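Dear colleague,

Please find below the structure that I am handing over to you. My notes on it come after the sequence and the model.

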Amino acid sequence: MNRRNYQKELEEIIADHQSRGEVPSLLLHSCCAPCSSYVLAYLSEYFRITVLYYNPNIYPPEEYRHRAREQQRFLQEFPMRYKAAFIEGPYDTGRFYEMAKGMENLPEGGPRCSACYELRLREAAGCAKRARTDYFTTTLSISPLKDVQKLNEIGARLAKEYGVAYLYSDFKKKNGYLRSTQIAKEYGMYRQDYCGCIFSLQERKKKLNPIE
């Protein structure tokens, strides 16, 4: 079965709006400042963006606060054609742990991660509906470690549920991931070495110290 070319679909949506002289609004869920860097550089040329920083999965709290501050700093310093607004969602960690119940010992990249995608995308869809933006999407597809097909499937399903169009993406295409690392370096960004949750942190530690 042929995989969908989400980057091509995104380019077609942009071209359609450009042909009509439109600048649509977008609610962009961001997982962290480094991942948002290229995405904002790219999409801010064509959309009026509101960045939603909603990541109740991040552990510990000081890590969450560090990443949230980096996101805000980047938005203030990075030049954009259409300056992005910022919303920080609730740090409702209980919601994340309730979601993860029974999946604590599953490896990274499996059902727990898919459920986490949906948790954050659902918040983004609800926020987009309240803000009446034309689209919502997430920076998560820029990571080579994330399941881009699953992300877009969840986004499409939530779009129907909430009545807000989902902007399909595969931001790592066209050297997107490489460019995000370059921008992060240019802006002296803090780059974490684990996805964010306590389970990913534990898995990271096991890989670094396999004997323990």
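The notes below go through the helices first and then single residues.

This is a predicted model, in which local features need pLDDT of at least 70, side-chain atom pairs count only at pLDDT 80 or more, and totals for chains, interfaces and linings use all residues. Residues are numbered from 1 along each chain as its sequence is written, and side-chain values use heavy atoms, with hydrogens and water left out.

**Helix α3 and its surroundings**

Helices (H or I, at least four residues) and strands (E, at least two) are DSSP runs, numbered from the N terminus. Helix α3 covers residues 61-77, which makes 17 residues. From its first C-alpha to its last, α3 reaches 25 Å, close to the 24 Å expected at 1.5 Å a residue; the expected span is 1.5 Å times one less than the number of residues.

Which residues of α3 are buried? They are Glu-63, Tyr-64, Arg-67, Ala-68, Glu-70, Gln-71, Phe-74 and Leu-75, where buried means under 20% relative accessible area, exposed over 50%, and partly exposed in between (1.4 Å probe, protein chains only). An α-helix has 3.6 residues a turn, so residues three or four places apart point the same way. The cover over the buried residues of α3 includes β1 (25-30), α2 (33-43), β2 (48-53), β3 (85-88) and α7 (176-186), with contact meaning heavy atoms within 4.5 Å.

The peptide bond from Tyr-59 to Pro-60 is cis, with omega near -5 degrees.

The axes of α2 and α3 are 9 Å apart, and the two helices pack at an angle of about 25 degrees. Axes here are lines fitted to C-alpha atoms, for helices over the stretch in contact, and angles run from 0 to 180 degrees between N-to-C directions. That angle makes α2 roughly parallel to α3 (under 35 degrees counts as roughly parallel, over 145 as roughly antiparallel, 65 to 115 as roughly perpendicular and the rest as oblique). On the α2 side the contact is made by Ala-33, Ser-36, Ser-37 and Leu-40, and on the α3 side by Glu-70, Gln-71, Phe-74 and Leu-75.

With α7, the axis of α2 crosses at roughly 110 degrees, and the two axes come within 8 Å. The helices α2 and α7 are therefore roughly perpendicular to each other. Here Pro-34, Ser-37, Tyr-38 and Ala-41 in α2 meet Gly-176, Arg-179, Ser-180, Ile-183 and Ala-184 in α7.

**Helix α6 and Leu-158**

Helix α6 (residues 148-162) has 15 residues, which at 1.5 Å a residue should span 21 Å; its end C-alpha atoms are 21 Å apart, in agreement. Its buried residues are Val-148, Leu-151, Asn-152, Ile-154, Gly-155, Leu-158, Ala-159 and Tyr-162. They cover an arc of only 160 degrees around the axis, which puts them on the same side of α6. These residues pack against α1 (6-19), α5, β4 (135-138) and β5 (165-166).

Leu-158 is buried, with a relative accessible area of 0%. Not counting residues up to four places away in sequence, Leu-158 touches Glu-118, Leu-121, Arg-122, Ala-125, Phe-136 and Gly-163. Leu-158 and Glu-118 are 40 residues apart in sequence, while their C-alpha atoms are 8.6 Å apart in space.

Glu-123 lies in helix α5 (residues 111-131). Is Glu-123 buried or exposed? With a relative accessible area of 16%, Glu-123 is buried. Its contacts, not counting residues up to four places away in sequence, are Leu-52, Tyr-54, Pro-90, Arg-95 and Arg-130.

In helix α8 (residues 198-208), the buried residues are Ile-198, Phe-199, Ser-200 and Leu-201. Their cover includes α4 (93-100) and α5.

**Two residues with positive phi**

Most residues other than glycine have a negative phi, and most peptide bonds are trans. Arg-132, in the loop between α5 and β4, has a positive phi near 60 degrees. Arg-132 counts as exposed at 75% relative accessibility. Lys-174, in the loop between β5 and α7, has a positive phi of about 55 degrees. At 60% relative accessibility, Lys-174 also counts as exposed.

With kind regards

Technical notes:
The arc is that of the directions from the helix axis to the C-beta atoms.
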